[in-house]
Amino acid sequence: YLISERLIKEYETPSSREDTVFEFDGTSLSEVMDILSKFFKREIVIVNPDLKDCPVSVTFKNEELPTILDIISELLDITINQNKKTIEIHGESCQ
């Protein structure tokens, strides 16, 4: 994800994803999940709309999606459920 251009760069092969960095600085949870959804090609749904504007400030370098989601769930005290088709984000408001 190129923040300055608000562009998600797609890679031809998994090996070309080396040195992939996601840097979020007060980015809304809904935008973070949209970026991750497009990059990793997985559907991510925020179940509670009150969570969509929760700010996320963290940097990931060369991390896989499960690791990224685990860290975000710890930071925001939310629950993430994964099944074959979707990833669901559950929790209370971050306010």
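Which residue in S5 is the bridge partner of isoleucine 80? In S5, that partner is isoleucine 89. The model is a predicted one, in which local features need pLDDT of at least 70 and side-chain atom pairs count only at pLDDT 80 or more, whereas totals for chains, interfaces and linings use all residues. Residues are numbered from 1 along each chain as its sequence is written, and side-chain values use heavy atoms, with hydrogens and water left out.

The protein chain contains 2 helices and 5 strands; helices (H or I, at least four residues) and strands (E, at least two) are DSSP runs numbered from the N terminus. Along the sequence these elements follow the pattern β-α-β-β-α-β-β. Of the 95 residues in the protein chain, 35% count as buried, where buried means under 20% relative accessible area, exposed means over 50%, and partly exposed lies in between (1.4 Å probe, protein chains only). The accessible surface of the protein chain comes to about 6200 Å², with 44% of it belonging to carbon and sulfur atoms; accessible areas come from the Shrake-Rupley method with a 1.4 Å probe, and for residues only the protein chains shown count as cover. Among contacts (heavy atoms within 4.5 Å) between residues at least 6 apart in sequence, 62% join residues at least 24 apart.

An open sheet of 3 strands has the order S2-S5-S4, with mixed pairing; two strands pair if DSSP finds at least two bridges between them. S2 and S4 stand at the edges with a single partner strand each, so one side of each is left without a neighbour in the sheet. Neighbouring strands of this sheet are turned by 20 degrees against each other on average, direction ignored. Axes here are lines fitted to C-alpha atoms, for helices over the stretch in contact, and angles run from 0 to 180 degrees between N-to-C directions.

Within the sheet, strand S2 (43-46) pairs with strand S5 (residues 86-90) in the parallel sense over 4 bridges. In this pairing, valine 45 stands opposite glutamate 88 in S5. Strand S4 (residues 79-82) pairs with S5 in the antiparallel sense, also over 4 bridges. Glutamine 82 has isoleucine 87 as its bridge partner in S5. S4 and S5 form a hairpin, and 3 residues lie between them.

In a regular strand the side chains alternate between the two faces of the sheet.

Helix H1 (residues 29-40) lies across S2 and S5 and runs at about 165 degrees to S2. Helix H2 (residues 65-76) also packs on the sheet, where it touches S4 and S5; the direction of H2 makes about 155 degrees with that of S4.

The count of salt bridges comes to 1, a salt bridge being a side-chain nitrogen of Lys or Arg within 4 Å of a carboxyl oxygen of Asp or Glu. Side chains of opposite charge can pair when their charged atoms come close. The salt bridge joins lysine 38 to aspartate 34, with the closest N and O atoms 3.3 Å apart. Both residues lie in helix H1, 4 residues apart, which is about one turn of the helix. Lysine 38 is partly exposed, at a relative accessible area of 48%, and aspartate 34 is partly exposed at 37%.

Most residues other than glycine have a negative phi. Asparagine 62 has a positive phi of about 55 degrees although it is not a glycine. This asparagine is found in the loop between S3 and H2 and is partly exposed, with a relative accessible area of 41%. Aspartate 77, which is not a glycine either, likewise has a positive phi of about 55 degrees. Aspartate 77 is found in the loop between H2 and S4, and its relative accessible area of 68% makes it exposed.

Proline 49 is placed in the loop between strand S2 and strand S3 (55-61). At 56% relative accessibility, this proline counts as exposed. Proline 49 and histidine 90 are 41 residues apart in sequence, and their C-alpha atoms are 9.6 Å apart in space.
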